[in-house]
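Hi there,

Here is the structure I promised to pass on. Have a look at it first, and then read my notes below.

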Amino acid sequence: MDRDHLPRFTAAAVQAAPVYLDPAATVDKAVALIAEAAAAGAELVVFPEVFVPGYPYWNWTMNPVQGSPWFERLQRASVDIPGPHVDTLRAAARRHGVVLVIGVNERAAHSLGVLYNTLLTIGPDGELLGVHRKLVPTWAEKLTWTGGDGSSLLVHDTPVGPLGALACGENTNTLARFALLAQGELVHASCYIALPVAPADYDMADAIAVRTAAHSFEGKVFSVVACSTVSPEIVDAIAGDDEELRKQFTRPRSALSGIFGPDGRPVTEPLVDDEGIVYGEIDLARCIQPKQMHDIVGHYNRFDVFRLEVDNRPRPPVTFTAPAEAPAAPATPTAPAAPEEDA
């Protein structure tokens, strides 16, 4: 990033529902929304958590035995990395020249029982910059997803500035957020799902706004928050004829998307519940003066008192250590030639 010419650009936060458990159709919908956002001038487009092909709501409404066939459906509908669905998204980012952040359900290559809640960060040239696996699935999500490791907790250098991304409840993980800020993050993507199945006294829209404002204010950064919505198709699939569940799935204030500035305030009016795209202007020069007051990764910290150490080693399920090369066998000594007999 050229600090003498800090980026100024339009960001787009997409609030939409997937075509539930249909990865190809959901990717097609994402491509159309990317084109719409780019046509409106967006250079950064952020989609919800696990947008492809949707969120496992059954974890909240069924017991594990009832939900097991749904887990299989999700596994069969999830995304391989690399794979054709990711290639389509990369091509869309390249075609429209946007930085793209989008959530997917990722199938592990080594096990049919491992799914990751993954955020893809794609550059405007179509390069896959980041594959971040949610570190800790939240509450009922542990029935579906395996946690990631510290290797993907990265900030990426992009044309819109240093960009980091976290999924849903990770945005309450103070140390994860600090790890991104300490790498120079100035633009933060927060990716959420609508949560109408939360406890009755939990306002998801407020929770998203509070978390997003907190990160923006604490870090003096811009945040682009994108949340999914619950379509009638999802309600029909998960709630069926259960009227109580249907009522729960249509409760208001389950989703919020928008853009927040380094003062913690929304740049423009957030979108609540409805499908749509929120646009906001981001000027990274606005991050400078607030950091004079509180720079928690600089002068407003005591690194002689506090220290954060991040283990960023990848954690594969098995590591093979190749055996050392066997030493060469010693040469066989040559027997002395027999003396020639006298003729």
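What volume does the largest cavity have? It comes to about 50 Å³. A cavity here is a set of points on a 1 Å grid over the protein atoms alone where a 1.4 Å probe fits but cannot get out, and lining residues have an atom within 4 Å of a point. The volume is the space filled by probe spheres set on the points, which are joined across faces, edges and corners. Among the residues lining the largest cavity are Pro18, Tyr20, Glu49 and Ile234.

Please keep in mind that this is a predicted model: local features need pLDDT of at least 70, side-chain atom pairs count only at pLDDT 80 or more, and totals for chains, interfaces and linings use all residues. Residues are numbered from 1 along each chain as its sequence is written, and side-chain values use heavy atoms, with hydrogens and water left out.

Now for the salt bridges (a side-chain nitrogen of Lys or Arg within 4 Å of a carboxyl oxygen of Asp or Glu). The whole structure has 18 of them. In one, arginine 177 meets glutamate 218 at 3.1 Å, N to O. Arginine 177 lies in helix α5 and glutamate 218 in helix α6, so this pair ties together parts that are 41 residues apart in sequence. Helices are DSSP runs (H or I, at least four residues), numbered from the N terminus. Arginine 177 is buried, at 6% relative accessibility, while glutamate 218 is partly exposed at 32%. Buried means under 20% relative accessible area, exposed over 50% and partly exposed in between (1.4 Å probe, protein chains only).

Enjoy exploring!

Definitions and conventions
1 Å grid on protein atoms, 1.4 Å probe; cavity = no way out; pocket = protein on both sides within 12 Å on 5 of 7 lines; lining within 4 Å. Helix = DSSP H or I, 4+ residues; strand = E, 2+ residues; numbered from the N terminus.
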